[in-house]
Amino acid sequence: MRSRTAIWFECKISYEKVMEDGLQKKVKESYVVDALSFTEAESRIMEEMSSYISGEFTIENINKATYKEIFFSDEELADRWYRAKLQFITIDEKSEKEKRSNVYYLVQAGTLKGAVANIESVMGTSMIDYVIASVGETQLMDVYEYGKEVKSEE
């Protein structure tokens with residue numbers, strides 16, 4: 001497991017995809033890119049998708065992601081992305097009341113159980129008290145990190 005903190009953008013694209021039966025079907029898919037601005041996110045998703053899609057595609061939407069950190073899995077079967085909501089627990093020293101703050105993460109795993117295990121393996125090394133409030137599978141197809149293609153060529 002490794003984690004990466006960055007500014008992430010969720011990009012939704014539509015294009016004509018050749019299905020297994022040979023017919024073409026218009027599909028919409030969501031991807032995540034690491035970028036500093038909406039303009040850079042648009043440029044990056046166009047660059048990444050141009051090598052996978054033969055033909056035209058349209059960028060339907062770009063949103064800034066609610067999470068700042070992504071947990072990447074090294075497992076071969078980890079082909080799904082899960083959005084996790086964790087609550088960090090702190091104690092207010094004045095009122096002595098428990099305070100919970102919500103933090104969102106994107107987690108790569110093969111199953112829901114695997115996503116929870118991956119969260120616990122990363123968060124288990126921290127000193128922060130936390131509760132896993134929710135974990136749900138997303139429709140994200142892939143995540144593209146900035147500079148990752150440069151590393152793979154070396």
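The legends below accompany several close-up views of one protein chain. This is a predicted model, in which local features need pLDDT of at least 70 and side-chain atom pairs count only at pLDDT 80 or more, while totals for chains, interfaces and linings use all residues. Residues are numbered from 1 along each chain as its sequence is written, and side-chain values use heavy atoms, with hydrogens and water left out.

**View 1. The protein chain has three helices and nine strands.**
Helices (H or I, at least four residues) and strands (E, at least two) are DSSP runs, numbered from the N terminus. Read from the N terminus on, the order of the elements is β-β-β-α-β-β-β-β-α-β-β-α, and the C-alpha trace spans about 60 × 35 × 30 Å along its principal axes. Of the 154 residues in the chain, 34% are buried, where buried means under 20% relative accessible area, exposed means over 50%, and partly exposed lies in between (1.4 Å probe, protein chains only).

**View 2. Strand 6 pairs with strand 7 and with strand 8.**
Two strands pair if DSSP finds at least two bridges between them. Strand 6 (residues 80-91) and strand 7 (residues 98-109) run antiparallel and are joined by twelve bridges, with Arg 83 standing opposite Leu 106 of strand 7. These two strands form a hairpin with six residues between them, and Glu 96 in the turn has a positive phi of about 60 degrees. Strand 6 also pairs in the antiparallel sense with strand 8 (residues 129-137), over eight bridges, and here Leu 86 stands opposite Ile 132.

**View 3. The largest nonpolar core has 14 residues.**
A nonpolar core is a set of buried Ala, Val, Leu, Ile, Met, Phe, Trp, Tyr and Cys residues joined through side-chain atoms within 4.5 Å. The residues with the most contacts inside this core are Ile 13, Val 33, Ile 45 and Met 49. Strand 2 (8-18), strand 3 (24-34) and helix 1 (38-50) are the elements that give two or more residues to it, and the largest share, four residues, comes from strand 2. Leaving aside neighbours within four places in sequence, Ile 13 is in contact (heavy atoms within 4.5 Å) with several residues, including Val 27, Tyr 31, Ile 45, Met 49 and Phe 57. A second, separate core of twelve residues includes Ala 84, Tyr 105, Val 107 and Ala 115.

**View 4. Arg 100 has its place in strand 7.**
Arg 100 is partly exposed, with a relative accessible area of 41%. Not counting residues up to four places away in sequence, Arg 100 touches Gln 87, Phe 88, Ile 89 and Val 131. The C-alpha atoms of Arg 100 and Gln 87, which are 13 residues apart along the chain, are separated by 5.6 Å. Their side chains make a polar contact of 3.1 Å, and a polar contact of 3.1 Å also joins the side chains of Arg 100 and Glu 98. A polar contact is a pair of N or O atoms within 3.5 Å; within protein, one must be able to donate a hydrogen and the other to accept it, and residues adjacent in sequence count only if both atoms are side-chain atoms.

**View 5. The buried residues of helix 2 line one face of the helix.**
In helix 2 (residues 112-123), the buried residues are Ala 115, Asn 118, Ile 119, Val 122 and Met 123. Seen down the helix axis, these residues fall within an arc of 120 degrees (taken from the directions from the axis to the C-beta atoms), so they line one face. They pack against strand 5 (69-72), strand 6, strand 7 and strand 8.
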